Amino acid sequence: MQQQIVKQHPRLGTEVLPGCNLTQLTNQQIQEFKQSLWENGVIVVRNQHLTASQLKEFTDKTFGDLGFKYLPKPLDPDIDPDLQSYGVSILGNPKENTQEIIGQFAWQWHHDKDFLPRTEGLDMNSLYVVMLYGVEIPAQGVDGQPHTTEFLDMVEAYNNFDPEYRQQLEQMSMYHLPPRTYQPGPDVPMKKHPIVSTHKVTGQRGLYLGSDTSIPVGMEDELDLAKQFWRELFQRILEHTPVYAHVWQPGDLVVWDNSQVMHAGIPYDASKYKRVALRVAAVDKT
Ligand SMILES: [Fe+2]
């Protein structure tokens with residue numbers, strides 16, 4: 001069955017704070033921003049002009065410190081210094097002299113939380129937020145359509161299942177691994193999470209699936225079966241729940257709550273187009 005892709009969604013992609021400058025928000029505007037994020041799952045602030053440092057400052061002011069440290073990297077001389085900051089990743093193909101795409105693994109459905117190391121005090125239900133800021137946007141994806149990032153509302157997905165199936169899923173948990181990593185080990189911790197989880201702020205129930213590397217508890221020795229289970233469950237979601245596609249404009253800041261949405265990047269041709277996006281993550285301690 002063909003999945004339904006929509007450009008408008010009742011919750012996901014809600015525009016907030018029109019006309020604002022994110023470097024100059026009042027505390028009240030920051031509270032509105034966060035409240036809207038928990039209520040909508042994905043929010044968009046348009047027409048921003050941010051450096052990587054300004055994006056990081058806004059993130060820290062809004063959500064607080066991430067709680068664990070990345071090692072600072074030296075500045076890359078081939079990339080504009082305004083796009084570089086401690087704690088901010090650059091996605092896409094930001095260098096003129098290479099077609100290598102950073103973040104290509106994100107072209108599959110996942111929650112970003114599974115990349116996190118296992119962290120003291122950070123449970124799997126935490127409010128892990130990711131912000132993606134569009135600096136340069138490819139004119140189109142490989143499908144010839146405008147460049148988008150796709151999202152699935154996992155609260156809606158849960159509610160769209162019949163009560164009997166929901167009850168069945170409520171009994172189950174999965175181990176989560178980062179996308180594309182199939183073999184757990186010392187560097188790839190398995191993190192256990194119930195398939196149905198309750199949002200920390202809104203109390204809404206939703207599905208938390210990780211990516212197709214997730215292993216249902218009890219299937220640890222049957223990885224083929226685990227993958228089949230995940231794919232069938234995900235297919236069932238796509239049959240009942242529309243995919244929201246955010247169409248990018250330069251200057252968009254797209255913010256999502258990994259506790260309640262999944263997302264997938266859309267491939268583009270790096271030999272024809274440049275893409276530069278800044279990514280920063282935070283855990284809200286609300
Ligand atoms: Fe991602």
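Okay, let's start with helix 2, which lies across strand 5 and strand 15 and runs at about 20° to strand 15. That angle is between N-to-C directions, on a scale from 0 to 180 degrees, with axes as lines fitted to C-alpha atoms, for helices over the stretch in contact. Before I go on, this is a predicted model, so local features need pLDDT of at least 70 and side-chain atom pairs count only at pLDDT 80 or more, while totals for chains, interfaces and linings use all residues. Residues are numbered from 1 along each chain, as its sequence is written.

The overall inventory, then. The protein chain has five helices and 15 strands. Those are DSSP runs numbered from the N terminus: H or I with at least four residues for helices, E with at least two for strands. Of its 286 residues, 37% count as buried. Buried here says that 20 or more other C-beta atoms lie within 10 Å of the residue's own; 12 or fewer is exposed, in between is partly exposed, and the C-beta atoms are placed from the backbone. As for contacts in the chain with a separation of 6 or more, 79% are between residues 24 or more positions apart. A contact is two C-beta atoms, placed from the backbone, within 7 Å.

Back to helix 2. It covers residues 52-63, and those 12 residues should span 16 Å at 1.5 Å a residue; the end C-alpha atoms are 16 Å apart, which agrees. Which residues of helix 2 are buried? Ala52, Leu55, Phe58, Thr59 and Phe63. Down the axis of helix 2, those buried residues fall within an arc of 125°, so they line one face. The arc is taken over the directions from the helix axis to the C-beta atoms. They pack against strand 5 (127-136) and strand 15 (276-284). After the helix comes glycine 64, with a positive phi near 90°.

Six strands make an open sheet in the order 2-3-13-5-15-4, with mixed pairing. Pairing needs at least two DSSP bridges between two strands. Strand 2 (14-15) and strand 4 (89-92) are the edge strands, each pairing on one side only. Helix 1 (residues 27-40) packs on the sheet as well, touching strand 2, strand 3 (42-45), strand 5 and strand 13 (253-257), and its direction makes about 140° with that of strand 3.

Strand 5 deserves a minute. Nine of its 10 residues are buried. Nine bridges join it to strand 15, antiparallel, and glycine 134 stands opposite alanine 277 there. Strand 5 also has five bridges to strand 13, again antiparallel, with leucine 132 partnering valine 254.

On to the core. The largest nonpolar core has 58 residues, and Leu55, Val129, Met131, Tyr133 and Leu278 touch the most other members. Strand 5 gives the most to this core, with eight residues. By core I'm talking about a set of buried Ala, Val, Leu, Ile, Met, Phe, Trp, Tyr and Cys residues joined through C-beta atoms within 7 Å. Leaving out residues up to four places away in sequence, valine 129 touches Leu37, Phe63, Val255, Asp257, Ala281, Ala282 and Asp284.

For contrast, take glutamine 99, in the loop between strand 4 and strand 5. Is glutamine 99 buried or exposed? It counts as exposed, because it has 11 C-beta neighbours inside 10 Å.

Last stop, helix 5, residues 223-240. Its 18 residues should span 26 Å at 1.5 Å a residue, and the end C-alpha atoms are 26 Å apart, which agrees. Ala226, Trp230, Leu233 and Ile237 are buried in helix 5. They cover an arc of only 70° around the axis, which puts them on the same side of the helix. The face turned away from that buried side carries the exposed Asp224, Arg231, Glu232, Gln235 and Glu239. What covers the buried residues includes strand 6 (148-153), helix 3 (154-160) and strand 11.

Methods
Expected span 1.5 Å × (residues − 1).
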